[in-house]
There are 2 protein chains.
Amino acid sequence: MTRLWNDPAEFADEMIDGFVAANGRYVRRVTGGVVRSTVSPAGQVAVVVGGGSGHYPAFGGLVGPGLAHGAAMGNLFASPSTQQVHAVAKAADLGGGVFFSYGNYAGDVLNFDAAQERLRAEGVEAATVTVTDDVMSAPLAEKHKRRGIAGDLTVFRAAAAAAESGYDLAGVTAVAAKANERTRSFGVAFTGCQLPGADTPLFTVPKGRMAIGLGIHGEPGIDETDIPTADELAALLVSRLLEERPEGADGRVIPILNGLGSLKYEEMFVVYRRIHQLLEDAGLEVIDPHVGEFCTSFDMAGTSLTLYWLDDELERLWEHPVDTPAYRRGAVTAQQQTTAVDAAAEAVVIPESDEASHAVAQTVLAVVETIVDTIDENVDELGRLDSVAGDGDHGIGMQRGSHAALTAARSAVDQGAGARTTLEWAADGWSDKAGGTSGALWGVILTKIAEKLGDTGAPTAADVAAGVAAGAQGVTDYGKAEVGDKTLVDALVPFTATLTQSVNAGASLPDAWASAADAATRAARLTADLLPRMGRARTHGEHAIGTPDPGAISLALIATAIGTVLAEKEN
Amino acid sequence: MTRLWNDPAEFADEMIDGFVAANGRYVRRVTGGVVRSTVSPAGQVAVVVGGGSGHYPAFGGLVGPGLAHGAAMGNLFASPSTQQVHAVAKAADLGGGVFFSYGNYAGDVLNFDAAQERLRAEGVEAATVTVTDDVMSAPLAEKHKRRGIAGDLTVFRAAAAAAESGYDLAGVTAVAAKANERTRSFGVAFTGCQLPGADTPLFTVPKGRMAIGLGIHGEPGIDETDIPTADELAALLVSRLLEERPEGADGRVIPILNGLGSLKYEEMFVVYRRIHQLLEDAGLEVIDPHVGEFCTSFDMAGTSLTLYWLDDELERLWEHPVDTPAYRRGAVTAQQQTTAVDAAAEAVVIPESDEASHAVAQTVLAVVETIVDTIDENVDELGRLDSVAGDGDHGIGMQRGSHAALTAARSAVDQGAGARTTLEWAADGWSDKAGGTSGALWGVILTKIAEKLGDTGAPTAADVAAGVAAGAQGVTDYGKAEVGDKTLVDALVPFTATLTQSVNAGASLPDAWASAADAATRAARLTADLLPRMGRARTHGEHAIGTPDPGAISLALIATAIGTVLAEKEN
């Protein structure tokens with residue numbers, strides 16, 4: 001929905017004012033819309049586009065060198081008036097005639113045609129190609145009745161590149177008509193947009209459902225389904241468009257995946273991944289793919305795929321540089337492509353080790369296995385705690401990290417590694433796959449402990465305690481958190497203190513570890529009562545009063561589980 | 001919310017795959033993220049950025065000539081791991097050292113710092129500037145604790161332009177630190193995003209409310225208010241940022257209005273309009289404003305304003321050209337700004353007229369007044385009918401058009417115009433301000449009638465009937481609609497036929513008009529029962545079964561009201 005406006009009746013005008021204020025280096029305001037603020041050569045065909053507002057970057061965002069000379073900008077989702085179109089065309093005219101192009105909607109056709117007649121009556125040559133790319137809006141036999149959606153971009157660009165390359169009005173018209181004939185789009189939608197001041201959305205799609213072929217103003221689609229997977233959507237879009245390969249197309253194709261507003265880039269890239277595979281599987285040559293927002297409908301959630309089938313002329317024109325407020329193409333200076341490839345993984349070297357350390361490595365493996373089991377058992381609860389305190393992914397992150405640690409530890413043991421190397425590999429696997437803060441901290445803890453285990457001989461209880469202390473120090477060094485910041489430090493510090501104290505007092509490692517785990521558990525529970533602090537260490541703290549910190553809790557759970565393993569190994 | 005994915009656990013990886021597939025001319029995939037696919041000069045400082053995924057174009061979309069050499073791309077909203085950052089840095093390194101920059105979040109600091117240490121241990125020079133632009137996340141005295149949001153762009157660009165201009169690592173670091181010191185941002189949010197596979201949004205803001213200072217991952221804000229007007233929001237953002245004008249700032253400032261995902265361009269331009277005024281009112285020199293999406297949070301609805309305070313060096317570096325997947329700056333070829341201004345309105349000439357025509361002009365004025373009254377009375381009902389059949393703006397469009405017609409007609413009469421000129425001005429005002437299809441059609445109808453009224457003498461009933469017939473012909477010529485298409489043609493054709501027939505049979509104009517209005521009313525009501533048709537004339541038709549067409553209804557209402565005026569004038 002639209003949230004910000006002053007007076008809804010003034011919205012379109014104020015939008016154009018703001019657009020021009022922000023883009024004075026490209027456009028200047030004229031009656032009815034905008035024209036380039038830069039100088040274009042006399043005698044060039046002027047390309048004038050336009051339509052209702054609400055589709056940015058269409059249409060004002062596409063005015064500038066390499067693209068339109070002017071854009072008639074109507075009210076929200078309403079055609080510009082005949083007077084507006086005429087005024088923009090007059091301001092854009094360079095003496096070479098005016099070429100109009102816009103999406104095929106009744107109101108736009110009426111007003112642009114009337115403006116064209118006025119121009120001709122005034123002795124200005126004018127011609128038009130309406131864009132009709134939406135395959136879902138009419139059968140192929142009635143292509144001239146189809147709506148124009150994101151395919152606007154290909155037709156506008158072909159026309160503008162031709163105009164700037166010196167084509168006359170007839171030539172520009174012919175190449176634009178060819179571009180339109182070779183442009184096909186297919187869209188889907190999940191929600192409609194709500195205009196400024198309106199009480200309800202322009203249209204709705206039931207939650208969890210997807211409308212197929214719906215137009216960008218809510219014009220009826222042809223079907224509705226449950227929302228498919230990204231790959232299934234890619235297959236739906238590609239298969240339908242490949243049914244309409246234009247005559248004479250030799251397989252060179254530009255895919256344009258257009259977002260309508262609030263279906264965002266990341267999702268579109270996931271869908272595009274599969275589109276690219278499917279186009280290549282179909283034997284096509286994919287050229288200069290576009291994934292982004294080229295013709296929106298406010299914050300409508302939806303996307304469309306356009307296929308633009310090139311020939312030599314259209315491909316040459318496509319490489320014409322463009323510099324407009326919202327669309328820029330063409331390297332500023334020519335760039336050479338690199339031939340580099342990703343560096344191969346470094347050769348793996350397993351340090352020397354002895355039998356005693358191999359036995360310790362088995363204990364390390366058992367410890368990592370119990371960590372995995374502990375996290376798997378508690379993953380939902382950790383996620384729940386983190387959804388109060390943070391972004392809810394602590395359980396998933398710990399799971400991803402611990403599983404990767406186990407895979408790495410098993411690989412090390414299988415290759416005959418000692419205890420240090422086994423735990424180092426586990427630490428590396430954990431921090432690499434978990435990512436985020438907790439992944440890095442667990443990597444530090446395990447790495448520091450590993451250094452004290454060695455790859456030969458068996459470590460003493462004091463060695464282990466020293467490793468844990470080094471790990472705790474590493475965590476506070478890296479993380480800058482202190483006790484009371486509601487992080488795992490709140491559990492780690494008492495754990496380390498108790499472990500060191502007990503070992504120094506002569507306790508066995510399992511006994512000392514058990515005491516330390518108890519201390520960690522008590523401390524972790526106490527984080528529920530700590531007052532929040534703000535700052536770099538924990539930006540989410542304010543939400544978390546009364547809820548224990550998930551990082552401290554998971555450390556206590558892991559410490560307790562490891563205690564059980566150490567006790568079993570001792571017996 | 002996120003709607004499209006395959007396996008949520010694979011989302012970030014598949015997103016990067018798709019991103020690279022679409023942008024091979026800019027980037028290539030390496031372990032941990034992407035680096036440029038183009039060749040950069042040996043010895044240049046390599047600028048490496050990064051962070052969690054979900055913020056496109058940050059961070060992969062900012063890799064290319066003029067901006068980053070590489071981006072470490074973590075999981076969704078999770079820092080890349082130390083290994084990922086290290087691997088990207090190694091792939092990006094050109095022998096001149098590695099410069100890291102990223103938003104100041106605990107997980108990112110941990111992992112980038114650890115990677116930096118590994119690089120240094122390997123003999124690669126490395127340095128870091130974290131971005132701390134969010135004024136709402138900590139007091140100015142603790143600027144180093146502030147979060148990084150859309151200010152990333154200014155710091156990254158300053159660093160990259162310096163690197164490509166030949167600065168060494170210390171120089172790049174110094175200029176980036178200066179850019180960060182001169183970059184301040186302030187954001188607001190309306191809704192949170194919902195990650196792939198998640199059951200609930202990351203955070204929520206109550207409907208109709210706005211969170212002030214909320215972070216891009218839902219980190220706590222400082223306040224919550226009702227959603228203000230666009231101008232009020234502009235004032236809020238500008239006033240807070242102007243409180244923190246950095247030392248040494250001379251008034252040159254780049255404003256960057258960033259959208260977080262589903263707050264869209266049109267709304268941002270309306271807000272930017274006022275921001276621009278306020279900055280100029282404050283005596284600042286506004287340079288190269290940016291309005292768009294530079295750092296998003298999936299489809300989160302929110303926006304932030306960044307002010308970047310230039311000095312000579314930063315301004316020079318800002319003009320360095322950039323060509324990346326999602327951000328491109330710098331004219332492909334230098335462009336000359338035009339000095340043209342909008343053509344002044346053509347001189348107004350009122351054609352000769354006589355007393356008889358002045359009297360008819362008064363009737364025309366009364367007719368237009370009654371049209372305005374009729375539409376004003378029925379505007380809500382017309383909107384309701386159109387919300388079933390179309391986009392709900394028929395009532396508003398008719399209101400805008402008829403009021404403009406009245407203003408124009410009054411102006412014509414005041415200047416002594418005859419009947420034809422008065423109605424022509426009304427027609428022109430109507431179609432210009434109403435826009436859309438109905439505006440154009442009413443313009444045609446009134447213009448054709450006007451031609452038959454003349455500016456001298458009084459028209460006969462046959463003249464008026466001929467004018468209406470010409471108007472109906474013009475509508476079908478322009479609009480291509482036929483009876484049965486559920487447009488105003490369904491009422492206009494029987495109106496015209498009845499009027500012509502009655503006049504030919506010798507009826508007075510008021511009597512003939514009354515019969516014709518009755519015929520139009522019956523026909524308009526019948527449109528409720530017509531089967532829908534698809535095609536160019538009425539793309540919304542399918543929704544409208546059982547509801548009369550608003551265009552036909554408004555024509556019938558107007559015809560009936562005019563009949564009353566004509567009858568009164570007769571008596």
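Biologist: Which residue of S13(B) is the bridge partner of B:Gly187?

Modeller: In S13(B), that partner is B:Ser304. Before going further, note that this is a predicted model, in which local features need pLDDT of at least 70 and side-chain atom pairs count only at pLDDT 80 or more, while totals for chains, interfaces and linings use all residues. Residues are numbered from 1 along each chain as its sequence is written, chains are lettered from A and ligands numbered from 1 in the order in which they are written, and side-chain values use heavy atoms, with hydrogens and water left out.

Biologist: How many bridges join S7(B) to S13(B), and what makes two strands a pair?

Modeller: Two strands pair if DSSP finds at least two bridges between them; strands (E, at least two residues) and helices (H or I, at least four) are DSSP runs, numbered from the N terminus. Strand S7 (residues 183-191) of chain B and S13(B) run antiparallel and are joined by eight bridges. Strand S10 (residues 252-259) of chain B also runs antiparallel to S13(B), with seven bridges, and there B:Gly259 has B:Thr303 as its bridge partner.

Biologist: Which residues of S13(B) are buried on each of its faces?

Modeller: In a regular strand the side chains alternate between the two faces of the sheet. Buried means under 20% relative accessible area, exposed over 50% and partly exposed in between, with a 1.4 Å probe and protein chains only. For strand S13 (residues 301-309) of chain B, nine of its nine residues are buried: B:Ala301, B:Thr303, B:Leu305, B:Leu307 and B:Trp309 lie on one side, and B:Gly302, B:Ser304, B:Thr306 and B:Tyr308 on the other.

Biologist: What does S7 of chain A pair with?

Modeller: Strand S7 (residues 183-191) of chain A has eight of its nine residues buried. S7(A) pairs in the antiparallel sense with strand S13 (residues 301-309) of chain A over eight bridges, where A:Ser185 stands opposite A:Thr306. S7(A) also pairs antiparallel with strand S8 (residues 209-212) of chain A over two bridges, and in that pairing A:Ala189 faces A:Ala211.

Biologist: In what order do the six strands of the open sheet in chain B lie?

Modeller: The order is S1-S2-S4-S3-S5-S6 in chain B, with mixed pairing. Strand S1 (27-30) and strand S6 (126-131) of chain B are the edges, each pairing on one side only. Neighbouring strands of this sheet are turned by 25 degrees against each other on average, direction ignored; axes are lines fitted to C-alpha atoms, for helices over the stretch in contact, and angles run from 0 to 180 degrees between N-to-C directions. Helix H2 (residues 82-92) of chain B packs on the sheet, touching S1, S2, strand S3 (46-53), S4 and strand S5 (98-103) of chain B, with its direction at about 160 degrees to that of S4(B). Eight of the eleven residues of H2(B) are buried, among them B:Val85, B:Val88 and B:Ala92. Helix H4 (residues 152-164) of chain B lies across S2, S3, S5 and S6 of chain B and runs at about 170 degrees to S5(B).

Biologist: Is B:Ala405 buried or exposed, and which residues does B:Ala405 touch?

Modeller: B:Ala405, in helix H10 (residues 394-414) of chain B, counts as buried because its relative accessibility is 1%. Contact means heavy atoms within 4.5 Å, and, not counting residues up to four places away in sequence, B:Ala405 touches B:Val368, B:Ala426, B:Gly429 and B:Trp430. The C-alpha atoms of B:Ala405 and B:Leu423, 18 residues apart along the chain, are separated by 8.4 Å.

Biologist: What radius of gyration does chain A have, and where do its domains lie?

Modeller: Taken over C-alpha atoms, with the globule rule being 2.2 Å times the number of residues to the power 0.38, the radius of gyration of chain A is 32 Å, whereas a compact globule of 571 residues would have one near 25 Å. The C-alpha atoms of chain A fill a box of roughly 105 × 50 × 45 Å along the principal axes. Domain bounds come from an automatic or database domain assignment, which gives domain 1 (8-194 + 201-329) and domain 2 (355-570) of chain A, and the C-alpha centres of these two domains lie 55 Å apart.

Biologist: What rotation superposes chain A on chain B?

Modeller: Copies are superposed by least squares on the C-alpha atoms of residues with pLDDT of at least 70 in both. A rotation of 180 degrees with 0.1 Å of shift along its axis superposes chain A on chain B, at RMSD 0.1 Å. That is the relation of a two-fold axis. Of the interface residues of chain A, 99% are also interface residues in chain B, so the copies meet through the same surface.
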